[in-house]
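Hi,

Here is the structure I promised to pass on.

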Amino acid sequence: MEKFIINNNVRMMRFHNGEMTQKDLADAVGVSRQTIVAIEKGKYSPSLELCFKLSIVFNKSIDEIFSIEYKK
């Protein structure tokens, strides 16, 4: 299987959603602020459940928030 990187637009979506803070988003989806920081930095890949929660908060589809970049 090819290696890949999961990219995300979480930080941008926070700002387009009333300049939501990392803490506000963390509280909305039931995780720690540190988890949101790690997701935004690409250091943590969220579970499918968390992806759906983010999708609901932002009112966007999962593929509008996350994308995959394949490495050769």
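Some ground rules before the details. This is a predicted model, so local features need pLDDT of at least 70 and side-chain atom pairs count only at pLDDT 80 or more, while totals for chains, interfaces and linings use all residues. Residues are numbered from 1 along each chain as its sequence is written, and side-chain values use heavy atoms, with hydrogens and water left out.

Overall fold: the chain has five helices and two strands, in the order β-α-α-α-α-α-β from the N terminus. Its radius of gyration is 12 Å, close to the 11 Å that the globule rule gives for 72 residues, so the chain is as compact as a globular protein of that length. (The radius is over C-alpha atoms, and the rule is 2.2 Å times the number of residues to the power 0.38; helices are DSSP runs of H or I, at least four residues, and strands are runs of E, at least two, numbered from the N terminus.) Along the principal axes, the C-alpha atoms fill a box of roughly 35 × 20 × 20 Å. Of the 72 residues, 31% count as buried; buried means under 20% relative accessible area, exposed over 50%, and partly exposed in between, with a 1.4 Å probe and protein chains only.

Now the inside. The largest nonpolar core has 14 residues, and Val10, Leu25, Val29, Leu54, Phe58, Ile65 and Phe66 touch the most other members. Helices α1 (10-16), α2 (22-29), α3 (33-40) and α4 each supply at least two residues of this core, with α4 giving the most, four residues. By nonpolar core I mean buried Ala, Val, Leu, Ile, Met, Phe, Trp, Tyr and Cys residues joined through side-chain atoms within 4.5 Å. Leaving aside neighbours within four places in sequence, Phe58 is in contact (heavy atoms within 4.5 Å) with Val10, Met13, Arg14, Asn17, Met20, Leu25 and Ile65.

Helix α3 is worth a look too: six of its eight residues are buried, so it is largely enclosed by the rest of the structure. Those buried residues pack against β1 (3-8), α1, α2, α4 and β2 (66-71).

On to charges. There are four salt bridges, each a side-chain nitrogen of Lys or Arg within 4 Å of a carboxyl oxygen of Asp or Glu. One of them joins Arg14 and Glu40, with the closest N and O atoms 2.5 Å apart. Arg14 sits in α1 and Glu40 in α3, so the pair ties together parts that are 26 residues apart in sequence. Both Arg14 and Glu40 are buried. Another salt bridge pairs Asp27 with Lys23 at 3.0 Å; Asp27 is partly exposed at 49%, and so is Lys23 at 46%.

Finally, the outside. Phe4, Ile6, Ile68 and Tyr70 form a nonpolar surface patch with about 380 Å² of accessible area together, and β1 and β2 are the elements that give two or more residues to this patch. Such patches take residues with over 30% relative accessible area and no salt bridge, and nonpolar side chains (Val, Leu, Ile, Met, Phe, Trp, Tyr) are joined within 5 Å, like charges within 9 Å. Areas come from the Shrake-Rupley method with a 1.4 Å probe; for residues, only the protein chains shown count as cover. Tyr70, in strand β2, is exposed at 54%.

Cheers
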